[in-house]
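Dear colleague,

I am passing on the structure we spoke of, with the sequence and the model shown just below. Please look through it first, and then read the notes that follow.

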Amino acid sequence: MASLATKGSSLVSTLLTNARPKFNVFMKYAKVELTPPTPGDIPAIRDGIARIVSGARTGAWKNLTVKEAWLNSLVTAEVFFWFYVGECIGKRHLVGYEV
């Protein structure tokens, strides 16, 4: 029984040693990507929305490369799927609402 405890503790310490660098990389990106926008970010957001609207009006979307169009499609699908996941969490069911 003592050897099992020793093996278990050494396995846990090895796991923590190997996971720490990956966790540090995760935290580095999480601090940047998962923070809410600051008041200083609002003008950049407005400019981005204005560029999207003007591009839709002028037909700039017709001049996209296939790679850019594919990337835009993936981002749109990701936003849609996260919205759907939020809806499922909110209604606590996969299909329909509880009446």
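A residue to begin with is Ile45, which counts as partly exposed because its relative accessibility is 39%, a value that falls between the cut-offs of under 20% for buried and over 50% for exposed. Please keep in mind throughout that this is a predicted model.

Ile45 belongs to helix 2, which covers residues 42-58, and together with Ile42, Ile49 and Val53 it makes a nonpolar surface patch of about 320 Å². As a general point, an α-helix has 3.6 residues a turn, so residues three or four places apart point the same way. Pro43 is also placed in helix 2, and since its relative accessible area is 45%, Pro43 is partly exposed.

Turning to the whole chain, the secondary structure comes to 3 helices and 0 strands, and the pattern read along the sequence is α-α-α. For helix 3, residues 66-91, the length can be checked against expectation: its 26 residues should span 38 Å at 1.5 Å a residue, and because the C-alpha atoms at its ends are 37 Å apart, the two values agree. After helix 3 comes Arg92, which has a positive phi, near 60°.

The protein is divided into two parts, with domain 1 taking residues 1-35 and domain 2 taking residues 42-98, and the centres of these domains, taken over C-alpha atoms, are separated by 35 Å.

On overall dimensions, the C-alpha trace spans about 75 × 45 × 35 Å along its principal axes. The radius of gyration of the protein is 23 Å, whereas a compact globule of 99 residues would have one near 13 Å. As for the surface, the protein exposes about 9,400 Å², of which carbon and sulfur atoms supply 69%, and buried residues make up 6% of the 99 residues.

How values were computed. Residues numbered from 1 in each chain as written. Predicted model: local features only at pLDDT ≥ 70, side-chain atom pairs only at ≥ 80, totals over all residues. Heavy atoms only, no water. Patch = residues over 30% accessible without salt bridge, like charges linked within 9 Å, V, L, I, M, F, W, Y side chains within 5 Å. Areas by Shrake-Rupley, 256 points an atom, 1.4 Å probe, with all protein chains shown as cover. Salt bridge = Lys/Arg side-chain N within 4 Å of Asp/Glu carboxyl O. Helix = DSSP H or I, 4+ residues; strand = E, 2+ residues; numbered from the N terminus. Buried < 20%, exposed > 50% of the residue type's maximum accessible area, 1.4 Å probe, protein only. Domains from an automatic or database assignment. Expected span 1.5 Å × (residues − 1). Rg over C-alpha atoms; globule rule 2.2 N^0.38 Å.
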